[in-house]
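Dear colleague,

I am passing on the structure we spoke about, and I would be glad if you looked it over before reading my notes on it.

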Amino acid sequence: MAGLEDMYEEHGGKLWRALFLYAGDREITSEALAEAFAQALRRGDELRSPERWVWRSAFRIAGGRALETTAREDEILDTRYEVPEETTQLLLALPQLTRKQRVALVLHYFCDYSLREVAEITGSTPSAVGVHLHRGRKRLRELLLGDDDG
Amino acid sequence: MADLKTRFRGADGIPAPHLWADITSREPRGVPSEPGPARKILVAAFAMVIVAAAIAFAIRAIGGGSSRPASETSPQPIAPKANGLIYFQVSGGKDGSPTDAIQPDGSGRQEVFGPDKYILHVAWSPDGTQIAYVGIVQYGKDSPDGQAHFGIFVANADGSGARQLTEGVNEGWPSWSPDGTQIAFSSTRTDPTVRECISGGHASCPTDIYVMNADGSNITRLTDDPAPEYAPAWSPDGSRIAFVRTVGDTNVIEVMEADGKGVAPIASGTIAGAGEHPFSWSPEGSQIVFASRVPGSWEMRVVKADGTGEHMIFTEDGVVSTDPIWSPDGSLIAFSSTPTRPDADQTQMSAAICP
């Protein structure tokens with residue numbers, strides 16, 4: 001348990017923000033993170049790579065919940081006092097991407113995971129992640145250009 | 001525009017709640033499972049049936065819609081002809097980005113390429129029998145330099161008989177010459193130090209315009225400039241090539257002779273350069289339509305090919321309208337339309353009456 005608690009103290013904040021970028025909803029984000037860690041606690045030594053398992057589980061839980069709802073624009077806009085304007089624009093644009101594009105972009109650009117690591121976390125392949133990244137970047141470019149002032 | 005990494009980094013400022021007490025006191029409920037193998041196989045088989053049906057449908061529609069025999073090519077300006085299927089990419093789906101086809105009236109939508117088929121920048125050949133497109137040649141995990149490699153491909157209009165013509169990390173935007181003998185495209189191929197970048201509207205992705213024979217031979221560079229040039233499009237009479245050049249935050253539509261000489265600007269400003277088709281020639285070659293950002297909204301604008309007479313033809317509040325394509329008979333312009341609110345519907349295809 002001490003190992004997981006240390007892991008939470010070290011990575012919990014980053015994982016929460018990554019999940020919020022992905023889901024755009026504080027309740028879903030907190031629920032996914034807490035559930036993933038709680039599951040990891042119950043499984044104990046059964047997990048060979050707890051960190052990777054928690055990240056993957058948290059994104060899967062958030063993905064399942066996010067299917068049932070839409071991103072909370074009010075909660076996204078509440079963050080505008082804590083983040084640069086350009087990041088608020090990004091937060092508003094992300095829900096318009098597919099889930100696979102979003103998770104690939106968040107893990108690669110926000111968390112600095114390589115394509116191979118993103119593939120391990122998402123249960124995909126590096127090549128498929130590469131395609132989602134390419135298309136997601138293209139889509140974001142279109143949306144963010146649309147948010148720039150003329 | 002700030003780069004993506006900087007935008008994402010800004011999210012480090014979002015305060016995260018401390019949840020350890022909740023974690024240690026809660027009763028775990030479980031993690032959603034992945035679809036099992038049986039379900040995946042069923043989905044794949046169903047997708048194949050749909051694609052096969054769509055291909056057959058596409059062949060009939062293309063053959064019926066063309067005003068000229070498939071084997072005939074014309075060195076003359078293309079006369080307006082019947083409008084046929086519109087191919088477009090679906091980027092808002094949950095499972096990927098398939099390529100669909102639809103009739104100009106919005107009916108008969110069919111999937112042509114499934115979401116696993118990597119397709120970008122689809123361009124019809126002048127006789128409507130073939131398409132050129134950007135496809136993936138080698139995934140990053142398989143390539144020595146760790147980057148995905150893309151290529152210009154030519155295939156029959158139903159996607160069969162694909163032939164790879166080029167390979168590079170930033171190949172894009174193939175465009176057929178009106179007589180069907182040449183293809184222009186953009187690339188960073190002469191500088192192997194350039195890594196995969198966001199081609200189109202991004203100042204750090206220094207693509208140039210190239211032209212090659214339709215069989216992939218005789219590749220010739222037409223532009224040589226540190227600024228990115230991309231999205232070439234032949235004029236309907238084949239004498240000129242228009243393209244987009246990005247200078248700082250400004251995208252400029254320029255036109256040059258087909259041999260690369262005599263470059264001159266046509267329109268500039270906050271032109272949408274990153275889409276599938278930043279602009280489109282009118283069928284008779286006298287005008288160009290493009291999308292542009294103006295304070296408060298986006299506008300679809302038309303300019304004469306000599307750069308005069310620019311005016312707005314369509315705008316809608318709260319909507320980003322891009323990727324205009326002029327119909328072959330000149331009566332319609334198809335474009336994509338994206339509401340800016342995150343809870344709005346996904347991108348929609350729209351069509352406007354041409355003035």
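This is a predicted model: local features need pLDDT of at least 70, side-chain atom pairs count only at pLDDT 80 or more; totals for chains, interfaces and linings use all residues.

In chain B, four strands form an open sheet in the order β8-β9-β10-β11, with antiparallel pairing. The edges of this sheet are β8 and β11 of chain B, each of which pairs on one side only. As background, strands of a sheet pair through backbone hydrogen bonds, and they may do so in a parallel or an antiparallel way.

Strand β9 of chain B covers residues 182-187, and its two pairings can be described in turn. On one side, 3 bridges join β9(B) to β8(B), residues 172-176, and the two strands run antiparallel; within this pairing, B:Gly172 has B:Ser186 as its bridge partner. The hairpin that β8(B) and β9(B) make has 5 residues between the strands, and B:Gly180 takes a positive phi near 75° in that hairpin.

As to burial, β9(B) is mostly covered, since 5 of its 6 residues are buried, while β8(B) is largely enclosed by the rest of the structure, because 5 of its 5 residues are buried.

Two residues of chain B, neither of them glycine, deserve a look at their backbone angles. B:Trp173 has a positive phi near 50° and is found in strand β8 of chain B, whereas B:Asn218 has a positive phi near 55° and sits in the loop between β10 and β11 of chain B, the latter strand being residues 220-221. Are these two residues, B:Trp173 and B:Asn218, buried or exposed? B:Trp173 is buried, because 28 other C-beta atoms lie within 10 Å and the cut-off for a buried residue is 20 or more. B:Asn218, by contrast, counts as exposed, because it has 9 C-beta neighbours inside 10 Å and the cut-off for an exposed residue is 12 or fewer.

Turning to chain A, its secondary structure comes to 8 helices and 0 strands, so that, read from the N terminus on, the elements run α-α-α-α-α-α-α-α. Of the 150 residues in chain A, 58% are buried. If one takes the contacts in chain A between residues at least 6 apart in sequence, 68% of them join residues at least 24 apart.

Within chain A, helix α5, residues 85-93, is mostly covered, with 7 of its 9 residues buried. The buried residues of α5(A) are A:Thr87, A:Thr88, A:Gln89, A:Leu90, A:Leu91, A:Leu92 and A:Ala93.

With kind regards

Key
Residues are numbered from 1 along each chain as its sequence is written. Chains are lettered from A and ligands numbered from 1 in the order in which they are written. Two strands pair if DSSP finds at least two bridges between them. Two residues are in contact if their C-beta atoms, placed from the backbone, lie within 7 Å.
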